[in-house]
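The notes follow in the order in which I worked.

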Amino acid sequence: MARISCVEPGQLMLDACAMPVPVHGEALVRIRRVGICGTDYHIVRGTQPYLTYPRVPGHELAGEIVAAGECSEWRAGMPVCIMPYHSCDTCIACRQGKPNCCTAISVLGVHKDGGLAEYLAIDERYLIAADGLSLDEIAMVEFLAIGRHAVCRSGTVAGERVLIVGAGPIGMATAFFAARSGAEVTVLDGNADRVRLCVDRLGAYRGEVLNTDTADRLAALTDGDFFDCVFDATGNAGAIEAGFAYVAHGGRYVLVSIVTADIRFSDPEFHKREMSVIGSRNATHQDFADVIEVLRARAFPLDAVVSHKLPFADVPEAIWRLMEPGTGVIKALVVL
Ligand SMILES: [Zn+2]
Ligand SMILES: [Zn+2]
């Protein structure tokens, strides 16, 4: 079968390898769509902190069952969403029902080979039924689940003022679920097109384009109070540090994106607000299930987010174009 590996930073290669052979408890899945995200671009550039090479990327996966064990509930042809975060079941986080931050987590396409391949053998515990969804929709579930998880972590309730900083796919997903929870959502990004999309299509109340007077504008919008909850989805250490100032007294700051840096903040500024700083990592089965229900109800505007589609064999060449600024990529989908 064919697969695409990142052999070393800067080098993607399409080659052939043996078909995976499922062991007991695994199903053989034909991969049909792979969403490309920031993690994959980091892998190609060599800036992903948890990775060794060579690696097959791909963790936003839509597939179809080819074969499963005799006693399995899965049948050939069933569409499936694949949960890419594989947990140990025994560590402190797993014992507390938080496998998304398992101490020994292994993520498909990061810690082990992922779905830029024609077939994968997957432990059936990580397969989620996705009947009623198109293959394109199934490939959206993972990044939407990350946004949904962040909103759950935040405890956002209806009527709160929420600020989302960063309008990439994760910020968009977070804005969408925060708006669904009834919050008054403001989206801040340097890219005016993305900000407008969040307002026009994803339920945000207003958008702000990053500028030198951003802090003053955010103050004016909120009568000097700032926001009950601020979400960072920038992947930028400077932006994360700046975001502390946008949190209202008594408010929360949810860090969704991850950076390979130390984050500094002023302790007096933090303390006087009695601010809660909350990490949000990956997503849970419940997040995936909720996103699938939202997609089944056709409540999410897929066409607003899927900006590019490309054939599998084109990925080693095309990925460089997708990473260029100005190509307008929001979410690129690989079709197999
Ligand atoms: Zn991703
Ligand atoms: Zn664990």
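I began with strand S11 (residues 184-189), which pairs with S12 in the parallel sense over four bridges; strands here are DSSP runs of type E with at least two residues, helices are H or I runs of at least four, and both are numbered from the N terminus. Two strands count as paired if DSSP finds at least two bridges between them. Within this pairing I found Val187 opposite Gly207 in S12.

Before going further I noted that this is a predicted model, in which local features need pLDDT of at least 70 and side-chain atom pairs count only at pLDDT 80 or more, while totals for chains, interfaces and linings use all residues. Residues are numbered from 1 along each chain as its sequence is written, chains are lettered from A and ligands numbered from 1 in the order in which they are written, and side-chain values use heavy atoms, with hydrogens and water left out.

Next I turned to the metal: which residues coordinate the zinc ion (ligand 1)? I found Cys37 through SG, His59 through NE2 and Glu60 through OE, at 2.1 to 2.4 Å. Donors are N, O and S atoms within 2.8 Å of the metal (3.2 Å for Na, K and Ca), and water is not among the atoms, so sites may look incomplete. The donor residues are spaced C-x21-H-E in sequence. Cys37, in the loop between strand S3 (26-36) and helix H1 (38-45), and Glu60, in strand S4 (residues 60-67), are 23 residues apart and link distant parts of the chain. Both Cys37 and Glu60 are buried, meaning under 20% relative accessible area, with exposed over 50% and partly exposed in between (1.4 Å probe, protein chains only).

I also looked for disulfides, defined as pairs of cysteine sulfur atoms within 2.5 Å, and the count comes to zero. Cys101 is in no disulfide, and its nearest cysteine sulfur, that of Cys91, is 7.5 Å away. Cys91 counts as buried because its relative accessibility is 9%, whereas Cys101 counts as partly exposed because its value is 29%.

Finally I checked Leu14, which is found in strand S2 (residues 11-16) and is partly exposed at 40% relative accessible area. Not counting residues up to four places away in sequence, Leu14 touches Ala2, Arg3, Ile4, Phe312, Ala313 and Pro316. Leu14 and Arg3 are eleven residues apart in sequence and 5.7 Å apart in space, C-alpha to C-alpha.

Terms used. Contact means heavy atoms within 4.5 Å.
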